[in-house]
Amino acid sequence: MTEIKKHPFTQIYSNIKKFKALPVMGVYLILITVFIILSPKVFTRPFIYMSFLQTIPPQLVLALGLTLIITAGEIDLSFSAVIAFSGFLFSFIYKNFGENDFAALMGIVAALGGGAFVGYINGLLVARLKVPSIMATLAAQFFWNGLTVLLCGGLSLNIKSIRGTFFHSLFVGRLFDLIPVQAFWAIGLTVFLWFILNRHRFGEALMFIGDNPEVARVMGVNIENTKIKLFTLQGLLAGFAALLLTLEMINFWSNQGSGYLLPVMAAVFIGGTSIAGGEGIMVGTFFGAFIIGSLEAGVVATGIGGYWVRLTTGLVMAGSIILNNVLKNEKISFKDFFRKSVFTKGLNKGK
Amino acid sequence: MALNTEYEFAVKIEKCCKYYGHIHALKEIDFEVGSNEVVGLIGDNGAGKSSLIKIITGVYPPTSGNFYIKGKKIDPRSFSVKQAQNMGIATVYQDRSLAEKQDLWRNFFIGRQITNAFGFINVKKEKAIAKEILLNTIGFRGVGITVDSKVSTLSGGERQGIAIGRAMYFDSDLIILDEPTVALSLKEIKKVINFVEKIKENNKASIFISHNIADVYSVSDRFVVLDRGEVVGNIPKSDISLKDLNTFLLDYAHRLKDEDK
Ligand SMILES: Nc1ncnc2c1ncn2[C@@H]1O[C@H](COP(=O)(O)OP(=O)(O)OP(=O)(O)O)[C@@H](O)[C@H]1O
Ligand SMILES: [Mg+2]
């Protein structure tokens, strides 16, 4: 057998293709460039970027966890409920145990533990009772949201006194009075979870389960335990995201996080991770979360108006997904979209 | 070569039953494989071949019966794929051996990764060993396949080669081949058969499953014929020619047809 010599361009192309986050990084670069051109006053100054670093981390943390879930071929719809549930646990305990550092610490433990518990129950339902995760976590989303509303009576909890305390600074302080600390947590978690997915036995198990569970099983992967761990981790991350959000807002309100579900999913998909499972692109999710998080502020700042935000999000998302799909699959090209279809076949019949 | 004296049978199963819900897939099966024997497992679709294999490899527990591996009695409740692997049992499945979207090196080590104490994978070492298997154990040279190739870019024959190389490398005492030659060209089938002969040379045992009786005949020392969950034939190769084996199977099938009438 002889080796097929590749054209140098093909070689470069196939090397670039190995770095899967590249398309989404390109999209982000284009987006920021467009914003700078349309609204130079806003986008050449640090303020807007600092506000991104403040608002994006909770969604990014959720999107990182969701990337792991989707890699394993599962889905989670319940994380937005954990944002409310864990946020409530934290705020309630903080307010009722003296509003001091110790109360805050107990609140943090409760928020993380509560989130992990929600995830653990999801994991048991999916792994043990074989409930499809889209169904189990949808039910969970209603249940935990409903429980939170019942517990707090629909009221919000003000935790202003926590501003400037040790734990507040630790999670959402400002480094040099400028850079939001939550950004470091989010970046740190991105790196850590990249290693978990790509370099840890657990992450490899997730990829194989999402790719072909039968192969994973016959090769000795414990699918049940891996899934329980996976959903517990996702719950824990959601609990952490809830802490970042609640501390940043220094307030809990009963429907916090309710708008997160679709943007967080969008961030994962924009990043190039496919719902098909078997592979997850952490760096892509990172930029996907920044794209989603920048769009609203960006579109509003350019002055074309808030009404355009959703439409633009849809366009950017569709563009990223199509780009990823075409780059990933050699058999598909953009031209295929315009091939004659069942509805346009007749148009040329006349001649 | 001297016969392996540690144990007489690589695997021995007595009066084994397997139910999937109401489906009675295996009915009081007695089955054994000598420590240095290649057993050909023959039977129609749904006869129970894969079910038997899955019990031996720890995928499913048997519903009842006794079960020994290398002379050791197995407790089916605690037996697992992992334990089967640790006891030296490897399987090459028809098409369930490799995960499509994953790199080759990951496929070599899934289920037995080389990790540090925290579970992080030693990628360098795994890739080096995978490369060694690829080049020397399987002999994939100059065909554009590297340890970083995705399985989806490999042909069916190449995939079987990878799976077989993996089993060889991990030094298994019993290598189970579940239809390893399905959808392969004649040339590739020959490679697989050569490999099975290597298993014997190395004093190891094997179970070879195929619908192609000629392939089974050429590699096996003994044939076990399954039909609807029952053993209906147990014939040493020395007792039967390929022609007679074919006749036996055909006659058996005809007899069944007559019974149905
Ligand atoms: N996981 C399962 N759940 C329910 N029934 C099963 C399962 N696996 C196998 N069966 C049934 O058990 C019987 C034996 O199947 P098995 O796969 O062992 O046959 P086989 O001899 O390997 O067939 P083939 O040659 O088609 O691979 C069949 O009736 C099959 O439908
Ligand atoms: Mg079978």
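A:Phe286 sits in helix H14 of chain A, residues 282–301. The model is predicted.

Q: Why is A:Phe286 called buried?
A: Its relative accessibility is 16%. Buried means under 20%, so A:Phe286 counts as buried.

Q: Which residues is A:Phe286 in contact with, leaving aside its neighbours within four places in sequence?
A: They are A:Leu60, A:Ile187 and A:Thr190. Contact here requires heavy atoms within 4.5 Å. As for A:Leu243, 43 residues away along the chain, its C-alpha atom is separated from that of A:Phe286 by 19 Å.

Q: What makes A:Ile322 neither buried nor exposed, but partly exposed?
A: The relative accessible area of A:Ile322 is 45%. Buried needs a value under 20% and exposed a value over 50%, with partly exposed in between; A:Ile322 is therefore partly exposed. This residue belongs to helix H15 of chain A, residues 309–328.

Q: Why is B:Gln113 called buried?
A: B:Gln113 has a relative accessible area of 13%. The cut-off is under 20%, so B:Gln113 is buried. B:Gln113 is placed in the loop between helix H3 (104–109) and helix H4 (123–137) of chain B.

Q: What makes the pair B:Gln113 and A:Glu204 a polar contact?
A: Their side chains approach to 2.9 Å. A polar contact is a pair of N or O atoms within 3.5 Å, one able to donate a hydrogen and the other to accept it, so the pair is called a polar contact. Not counting residues up to four places away in sequence, B:Gln113 touches A:Arg201, A:Glu204, B:Ile121 and B:Glu126.

Q: How many residues does each chain bring to the contact, and what area is buried between chain A and chain B?
A: Chain A brings 25 residues and chain B 31 residues. The area buried between the chains is about 2,700 Å², and carbon and sulfur atoms give 56% of it. On the chain A side, A:Glu204, A:Phe208 and A:Met219 supply 25% of the area that chain A buries against chain B, more than any other three residues.

Q: How do you know that B:Asp178 is buried?
A: The relative accessibility of B:Asp178 is 0%. A value under 20% is what buried means, so B:Asp178 counts as buried. B:Asp178 is in strand E7 of chain B, residues 174–178, and its side chain makes a polar contact with the side chain of B:Ser50 at 3.2 Å.

Q: Which residues are the closest to ligand 1?
A: B:Asn45, B:Gly46, B:Lys49, B:Ser50 and B:Ser51 are the closest, in a shell of 15 residues. The shell divides into five nonpolar, seven polar and three charged residues. H1(B) gives the largest share, three residues.

Q: Which polar side-chain atoms lie 2.8 Å and 3.0 Å from an oxygen atom of ligand 1?
A: One of B:Asn45 lies at 2.8 Å, and one of B:His211 at 3.0 Å. A polar side-chain atom of B:Tyr60 lies 3.2 Å from a nitrogen atom of ligand 1. Of the 640 Å² that ligand 1 exposes when taken alone, the protein buries 65%. Strand E2 (23–34) and helix H1 (49–56) of chain B are the elements that give two or more residues to the shell.

Note on methods. Residues are numbered from 1 along each chain as its sequence is written. Chains are lettered from A and ligands numbered from 1 in the order in which they are written. This is a predicted model: local features need pLDDT of at least 70, side-chain atom pairs count only at pLDDT 80 or more; totals for chains, interfaces and linings use all residues. Side-chain values use heavy atoms; hydrogens and water are left out. Helices (H or I, at least four residues) and strands (E, at least two) are DSSP runs, numbered from the N terminus. Buried means under 20% relative accessible area, exposed over 50%, partly exposed in between (1.4 Å probe, protein chains only). A residue is near a molecule or strand if one of its heavy atoms lies within 4 Å of it. Accessible areas come from the Shrake-Rupley method with a 1.4 Å probe; for residues, only the protein chains shown count as cover. Ala, Val, Leu, Ile, Met, Phe, Trp, Tyr, Cys and Pro count as nonpolar, Asp, Glu, Lys and Arg as charged, and the others, Gly among them, as polar. Buried area is the accessible area (1.4 Å probe) that two parts lose on being put together, summed over both.
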